[in-house]
Amino acid sequence: MQSATQAKQQILLLKQLPPLSATAARLLEILSDDNCSLAQLARVISQDPTVTARILGVANSAYFGQVTPIHTVEEAIIRVLGLNMVKSLAFSIALSGVFDTTRCQGFDLENYWFRSLATALMSRELCRHVVASKQPDLDSVYLAGLLFDIGTLVLVHLFPEDYAKVIAQLRQTPSDPRRLETELVGISSREAGAWLTDRWHLPPVVVKVVALSVRDDSACEVAAVSLAADRVSARAGQDQDPSGELGMLPGLTETALAEIEAQCRLRDEELHSIADLMVK
């Protein structure tokens, strides 16, 4: 087990993690540019073969059932996925290329991306209903939900053996994952994510959401939305008491939450298909 000081120092320095790739850095600029055109986005993605291949793989997947194959990023955006989804997916694919998760026994990367996609979708839908102040940019809310658990990838990459113990123990005896991470690794994935998003200068809303989620601080409405969305995604349609999420989102009724969750669950098959192709 790492001491908390050792683990924090390793995360802060991130010696084993390279900076954002050129593709990710350029996509980050595009994410915050409301005037970005379809052609600009397609041009940046097309310069990275890995990101291009995965975006086209998603667009051509059996789930979407395209009769005519999709050959270009432009076609994927126009005919299948849409500009906003391609923006977030491309950035996530470019970002995830930094991490090696193969050395951590028991870590399910496909499930990680499915839950992240589900959290992103749920975050955006909840935000439409419950954010009382000025409505934030829903694309930023989606991205914050997508990267909400990015700290897990950091711990899996830097401490694969220690994190494998976390996974094994959670399977044997379900408990609080953050507490167990702190005990066995030295820090929690929430803390790791907060440090990483700040170091990489990700959009302010993403940094704030991940940082505030360390303390479960619902003072930030978007952070509360992402945290609630993550919890709803985790229960995967199981019949559980929703009072925890309702407590974080004042004004949202149990009926409204159930309707939003049911709508999002209709897209589970699509999200599984996308998650599967993101890890290949």
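Me: How many disulfides does the structure hold?
Reply: Zero disulfides. The term means a pair of cysteine sulfur atoms within 2.5 Å. This is a predicted model: local features need pLDDT of at least 70, side-chain atom pairs count only at pLDDT 80 or more, and totals for chains, interfaces and linings use all residues. Residues are numbered from 1 along each chain as its sequence is written, and side-chain values use heavy atoms, with hydrogens and water left out.

Me: Cys104 and Cys264, then. Is Cys104 buried or exposed? And Cys264, buried or exposed?
Reply: Cys104 is buried, at 4% relative accessibility. Cys264 is buried too, at 8%. Buried means under 20% relative accessible area, exposed over 50%, partly exposed in between (1.4 Å probe, protein chains only).

Me: New topic. At what angle do α3 and α5 pack?
Reply: About 130°, with the axes 8 Å apart. Helix α3 spans residues 38-46 and helix α5 residues 73-81. Helices (H or I, at least four residues) are DSSP runs, numbered from the N terminus. Axes are lines fitted to C-alpha atoms over the stretch in contact, and angles run from 0 to 180 degrees between N-to-C directions.

Me: Which residues make the contact?
Reply: From α3, Leu38, Leu41, Ala42, Ile45 and Ser46. From α5, Val73, Glu74, Ile77 and Ile78. Contact means heavy atoms within 4.5 Å.

Me: What about Lys87, buried or exposed?
Reply: Buried, at 7% relative accessibility. Lys87 lies in helix α6, residues 83-96.

Me: What does Lys87 touch?
Reply: Ile30, Leu31, Asp33, Cys36 and Leu41, not counting residues up to four places away in sequence. Leu41 is also one of the α3 residues in the contact with α5.

Methods: Helices (H or I, at least four residues) and strands (E, at least two) are DSSP runs, numbered from the N terminus.
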